[in-house]
Amino acid sequence: MENLRNEIWKKIVENDYTLKKFAKICGISYGNLRKIISGTNNDINTSTILRICKNSGIKVNDIFQEDAPKLIDAVVTYNNTKYHGTLSK
C-alpha cells in the first residue's frame, strides 16, 4: 500500500493539512491514518480505502496502478493452477 501512503502524503502537503485534519476529512480515525502512513497497517479494509479516496480526491487508479499486474496474476491463479485466457486451463 505504498502508493496509498504516497498519495495521502501528497494531499497532506498540497493542502497543508495536519494528520488529524486529514483523518477527519476522510472520516477515519487518527490512529488508523497513522498506522496506514507509517506502514504498520498494510491490511487495510476496502471500505477504508474507498472512504479515503472519496473524501480526499485521491483516485483509486493511482493507488493500485503498480499493483495491477500482481492483482491480475492472483486472480488467474487459483489453487496453484494457472488459468489463461477465458479462465480455462
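**Cysteines, core and side-chain pairs in a predicted model**

The sulfur of Cys26 lies 8.6 Å from the closest cysteine sulfur, that of Cys53, which is too far for a bond. A disulfide is taken here as a pair of cysteine sulfur atoms within 2.5 Å, and by this rule the count comes to 0 disulfides. Cys26 is buried, with a relative accessible area of 0%, and Cys53 counts as buried at 6% relative accessibility; the term buried denotes under 20% relative accessible area, exposed over 50%, and partly exposed the range in between (1.4 Å probe, protein chains only).

The structure is a predicted model, in which local features need pLDDT of at least 70 and side-chain atom pairs count only at pLDDT 80 or more, whereas totals for chains, interfaces and linings use all residues. Residues are numbered from 1 along each chain as its sequence is written, and side-chain values use heavy atoms, with hydrogens and water left out.

The chain contains 6 helices and 2 strands, assigned as DSSP runs numbered from the N terminus (helices: H or I, at least four residues; strands: E, at least two). From the N terminus on, the order of elements is α-α-α-α-α-α-β-β. Of the 89 residues in the chain, 26% are buried. Among contacts (heavy atoms within 4.5 Å) with a separation of 6 or more, 51% are accounted for by residues 24 or more positions apart.

The largest nonpolar core comprises 16 residues, and those with the most contacts inside it are Leu4, Ile8, Phe22 and Ile52. Such a core is defined as a set of buried Ala, Val, Leu, Ile, Met, Phe, Trp, Tyr and Cys residues joined through side-chain atoms within 4.5 Å. At least two residues of this core are supplied by each of α1, α2 (19–26), α3 (30–38) and α4. In soluble globular proteins, nonpolar side chains tend to be buried together. When neighbours within four places in sequence are left aside, Ile8 is in contact with Phe22, Leu33, Ile36, Ile37, Ile52 and Ile58.

Thr48 is located in helix α4 (residues 46–56). This threonine, Thr48, counts as buried at 7% relative accessibility. Not counting residues up to four places away in sequence, Thr48 touches Ile28, Asn32 and Ile36.

The aromatic side chains provide 1 aromatic pair. Tyr17 and Phe22 form this pair, which is tilted, with 6.2 Å centre to centre and 45° between the planes. Rings of Phe, Tyr and Trp (its six-membered ring) are paired if their centres lie within 6.5 Å; planes under 30 degrees apart count as stacked, over 60 as edge-to-face and the rest as tilted. Phe22 counts as buried at 1% relative accessibility, whereas Tyr17, at 26%, counts as partly exposed. At another ring, Lys20 lies over the face of Tyr30, at 5.3 Å from the ring centre; the criterion for a charge over a ring is NZ of Lys or CZ of Arg within 6 Å of the ring centre and within 35 degrees of the ring normal.

Side chains of opposite charge can pair when their charged atoms come close. The structure holds 1 salt bridge, a term that requires a side-chain nitrogen of Lys or Arg within 4 Å of a carboxyl oxygen of Asp or Glu. Lys10 and Glu7 form a salt bridge in which the closest N and O atoms are 3.0 Å apart. Both residues, Lys10 and Glu7, lie in helix α1 (residues 2–15), 3 residues apart, about one turn of the helix. Lys10 counts as partly exposed at 43% relative accessibility, while Glu7 is buried, with a relative accessible area of 14%.
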